[in-house]
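Here are my notes on the two-chain model, as numbered points. Please read them with the coordinates open.

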Amino acid sequence: MIQTIGIPGGLMIHRDGVLWKNFFEQLGFHCVTSRKSDRQILEQGTERAVDETCLPFKMYLGHVMELMGKCDAVFIPRMGGFKTREKMCTRYEALPDLVKNIFRDEQIPVLTVSYDWYDRTTEEKVYLELGDKLGKTKKETKKAYIFAKKQQEAWLKSREKAQNQLMEKEGTKVVLAGHPYVLHDAYMGGELARILEKMGASVLYTDYVDRDSALKKSYDFSRVMPWLINREIIGALMALRKKADGIVLVSAYPCGPDALVNDMLIRRIKDLPVLSLTLDAQSGTAGVETRIESFIDIIKYQKAGGYGTKN
Amino acid sequence: MKKAYLGIDIGSISTKGVIINEENEILAQCYLWTEGNPMNASKNVLHELKSQFDAANSREEYKIVASGTTGSARKLVGSMIGAQVVKNEITAHAVGTTTLHPDVRTILEIGGQDSKIICVENGVAVDYAMNTLCAAGTGAFLSSQAHRLGVEVEEFGEIALKAKKAAPIAARCTVFAESDLVHKLQVGCPKEEIIAGLCKAVAGNYLNNVAKGKKIVAPVVFQGGVSKNAGVVRMFEEELGMPVLVDENGHLMGAFGIAVLAKESQDERAFSFDVADMEFKTREVTCGKCANHCEIICVYRDGMLIDSWGNRCDNGAIKQQ
C-alpha cells in the first residue's frame with residue numbers, strides 16, 4: 001500500500017511540483033521531496049547514468065537515489081506532451097523506464113502515469129487515470145486535481161507578479177532563459193542568479209511568465225518547432241526582452257532542443273546583448289563568472305556611454 | 001613626479017605586463033610564458049618591468065600609483081600585488097583596443113586556450129562571444145600540431161605564406177585534426193601546405209564557432225598570441241574579404257587595457273616592486289560544511305592569509321587573519 005510518495009527534486013518538479021504535491025496530499029498521501037541539488041547528488045547520479053545523457057537527468061537520478069527507503073513509491077511520470085508541436089524531449093518519453101532499468105537491482109517502486117501527443121488526451125484525464133491507479137474515486141480525484149491546479153496557478157501568478165514589479169524597477173535587468181530545471185536547480189542555474197545578483201543585476205526568469213500566453217507567442221517565432229518547454233521559453237523571452245538589458249541563454253550540456261533553439265535565438269535577437277552559457281559537470285565557476293562579468297560590463301558601460309567613467 | 005600605472009595580464013600560456021603614463025604611452029613592457037605558475041610568472045614580469053624602468057631612469061620621473069590585473073589568474077595575482085582593479089579579459093581587451101584604435105568595430109582574439117570576438121560600437125563593446133567547452137583552434141592547438149610536425153610554432157606563419165595552397169584540415173576537434181594531419185602526411189602532402197591548412201582551419205573554426213551569428217564589421221583588429229601568425233592573419237583576410245589589422249603591441253592589449261582601467265579608477269595608492277620578492281603560497285582546501293565540497297583557494301603572503309575564494313556560500317567563507 002502506498003502511503004508516502006517520493007518526488008525527486010529534479011527535472012519537472014521545478015515546473016509542475018506544486019501541482020503534483022497538492023494533488024497527492026489532497027488525496028490523503030504524504031509527500032517527501034529530496035533535498036536541494038548539491039555536488040553529492042550530482043556525483044551519485046552521474047555514477048549511475050550513461051555518459052551521453054544530459055546533466056539534469058544525471059542530477060535527477062541522484063535525487064531518485066536520495067528517496068530510496070524514504071517512501072513507498074517514487075513518482076516518475078512519462079510525459080510525451082499533449083500536442084504534436086508541444087512535445088517533451090525524448091528523455092521524458094522514457095523517464096520511468098530509464099529509472100526502472102538503471103535501478104533494476106534496487107527494485108525502486110515507481111508510480112507513473114503515461115501520455116503522448118497522439119493519445120489526444122488532456123491533463124485532467126491524465127490525473128484521473130493517476131487517481132484511479134492510486135485507488136481513489138473519480139470524484140475525489142477530480143476535486144483533488146482542480147484544487148491542485150488552482151494552487152499551481154496561484155503559485156505561478158505570485159511569481160509572475162513579483163517579477164512584473166521587479167521589471168518596473170530601475171537598474172540592470174538580465175533575463176535568465178532556459179529550462180526551469182536548469183534555472184532553478186541550486187547547483188546549476190542557482191549559481192548564475194547568485195553571480196548576477198552579486199554583480200548588481202536583477203534576474204528575470206523565463207518561467208515566471210503566464211504559460212498559455214507565452215506558448216501562443218512562440219508560434220510567431222516558429223510554427224514548426226516541436227518542443228513545449230522551448231516554446232514557453234521563447235514566448236516568455238519575447239515578452240520580457242522589452243524590459244531587459246540583456247539575455248543569458250542557459251543550457252545544460254548536452255541538450256538537443258536547446259542546441260537548435262538557442263542557435264536560432266542568437267541569430268534572431270539583434271537588439272539586445274545575448275550570452276549563451278552551457279553548463280556542464282565542471283565544479284569550478286571561474287569560466288562562468290568571467291563570462292557573466294564581461295557580459296554585465298558590456299551592459300553597464302553601454303549605459304554609461306563609454307569606458308571613461310568610473311566603474 | 002608624474003604618475004604611472006601598472007597592468008598585468010596573466011593568461012594560461014603567457015603573462016604580460018606593461019607600465020603606462022597618463023598619456024597611455026607604454027614605458028615598460030614584458031611578455032613571458034606562464035609555465036603553469038602564475039605567481040612566479042608575475043614576479044618575473046615585475047622584475048623585468050622594474051629593470052626596464054630603472055634602465056630608463058624612470059623611477060625618478062614616475063611613481064606607480066595604481067595597478068590592475070586581468071586574465072585567468074587575475075584574482076590570484078590581483079590579491080598578490082594589491083591591485084585596485086581586477087577585471088575580466090573581455091573588458092580589458094575592449095578598453096585597450098579602443099584606446100589605441102578608437103574606430104575599431106570588431107576585435108578578434110585567439111589566445112593560448114581561449115578565443116573570443118568582441119563587437120564594438122561607438123568605442124564601447126556591445127556584444128561578445130567566447131569559445132565554449134573546448135580549446136580546439138586556439139594557440140594550444142597550433143603548438144601541439146607544430147610539435148607533431150617538428151616545426152617551431154613561431155615559424156608557422158612564414159611557412160604557411162610560402163604554400164601554394166592550403167591542405168583541407170578539420171579543426172573542429174583536435175582529435176579529428178590530428179588524424180587528418182597524419183593522413184595528409186602519409187599521402188605525401190608537402191609540409192607547408194599542411195601548415196597553411198592548419199592556419200586556414202584555425203580561422204575557419206573561429207569564424208564558424210566563436211564568431212557564429214556575429215556580424216563582422218571593418219575595421220577589424222586581430223590580437224592574442226595567434227595574431228603573430230601571419231598565416232592565420234592571411235586566412236582571416238581571405239575568409240572575411242577585408243583587411244585585418246594586427247597591432248605590434250596586440251599581445252599586450254589585455255595588460256594595456258587593465259592599466260588604462262587602473263588609471264581611470266582614480267583609486268591611487270603607491271605601488272612597490274617589493275611584492276616581487278615576497279613569498280606567496282596558495283593552498284586549496286575542500287570545505288566540508290555541506291555536500292557541495294567547494295574547493296576554496298587560500299592565498300598567503302609571507303605565511304599570512306591575505307585572500308580566499310571559491311566558496312559557493314557563506315558557510316565556506318574563511319576569516320582573514
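1. Start with B:N57. In this predicted model, B:N57 sits in the loop that links α1 (38-55) to α2 (58-61) of chain B. Its phi is near 55 degrees, a positive value in a residue other than glycine. Is B:N57 buried or exposed? The count is 9 other C-beta atoms within 10 Å, and the cut-off for exposed is 12 or fewer. B:N57 is therefore exposed.

2. B:H293 also calls for a look at the backbone. Phi of B:H293 is near 45 degrees, again a positive value in a residue other than glycine. The loop here runs between β11 (280-286) and β12 (295-301) of chain B. B:H293 has 17 C-beta neighbours inside 10 Å, so B:H293 counts as partly exposed.

3. Next, the cis peptide bonds. In chain A, the bond from A:Y253 to A:P254 is cis, with omega near -15 degrees. A:P254 belongs to the loop between β11 (246-252) and α12 (256-268) of chain A. In chain B, the bond from B:A218 to B:P219 is cis, with omega near -5 degrees. B:P219 is in a loop too, between α8 (191-210) and β9 (220-223) of chain B.

4. B:V210 is part of helix α8 of chain B. Why is B:V210 classed as buried? Because 22 other C-beta atoms lie within 10 Å, and 20 or more is the cut-off. Leaving out residues up to four places away in sequence, B:V210 touches B:S115, B:K116, B:I117, B:A129 and B:N131. B:D247 is another matter: 37 residues separate B:V210 and B:D247 in sequence, and their C-alpha atoms are 21 Å apart in space.

5. Now a sheet in chain B. What is the strand order? The order is β3-β2-β1-β4-β5 (chain B), five strands in an open sheet with mixed pairing. β3 (26-33) and β5 (85-86) of chain B are the edge strands, and each pairs on one side only. Helix α1(B) packs on this sheet and touches β1, β2 (14-21) and β3 of chain B. The direction of α1(B) makes about 145 degrees with that of β3(B).

6. Strand β1 (residues 2-10) and strand β4 (residues 62-70) of chain B run parallel, joined by eight bridges. As background, strands of a sheet pair through backbone hydrogen bonds, either parallel or antiparallel.

7. Domains of chain B. The assignment gives domain 1 (2-96 + 254-277), domain 2 (103-246) and domain 3 (280-316). Over C-alpha atoms, the centres of domain 1 and domain 2 of chain B are separated by 28 Å. Their contact takes seven residues from domain 1 of chain B and 13 residues from domain 2 of chain B. On the domain 1 side, α4(B) gives the largest share, three residues. By class, that side has three nonpolar, four polar and no charged residues.

8. Domains of chain A. This chain is divided into domain 1 (4-150) and domain 2 (169-304). Their C-alpha centres lie 26 Å apart. How many residues does each domain bring to the contact? Domain 1 of chain A brings 22 residues and domain 2 of chain A brings 25 residues. On the domain 1 side, α1 (13-26), α2 (39-48), α3 (55-67) and β6 (86-87) of chain A give two or more residues each. That side divides into nine nonpolar, six polar and seven charged residues.

9. Last, the contact between the chains. Chain B brings 24 residues and chain A brings 22 residues. Three elements of chain B each supply at least two residues to its side: α4 (89-100), β8 (124-130) and α10 (253-265). Which element gives the most? β8(B) does, with six residues. The chain B side divides into 10 nonpolar, 10 polar and four charged residues.

Note on methods:
Residues are numbered from 1 along each chain as its sequence is written. Chains are lettered from A and ligands numbered from 1 in the order in which they are written. This is a predicted model: local features need pLDDT of at least 70, side-chain atom pairs count only at pLDDT 80 or more; totals for chains, interfaces and linings use all residues. Helices (H or I, at least four residues) and strands (E, at least two) are DSSP runs, numbered from the N terminus. Two residues are in contact if their C-beta atoms, placed from the backbone, lie within 7 Å. Ala, Val, Leu, Ile, Met, Phe, Trp, Tyr, Cys and Pro count as nonpolar, Asp, Glu, Lys and Arg as charged, and the others, Gly among them, as polar. Two strands pair if DSSP finds at least two bridges between them. Axes are lines fitted to C-alpha atoms, for helices over the stretch in contact, and angles run from 0 to 180 degrees between N-to-C directions. Domain bounds come from an automatic or database domain assignment.
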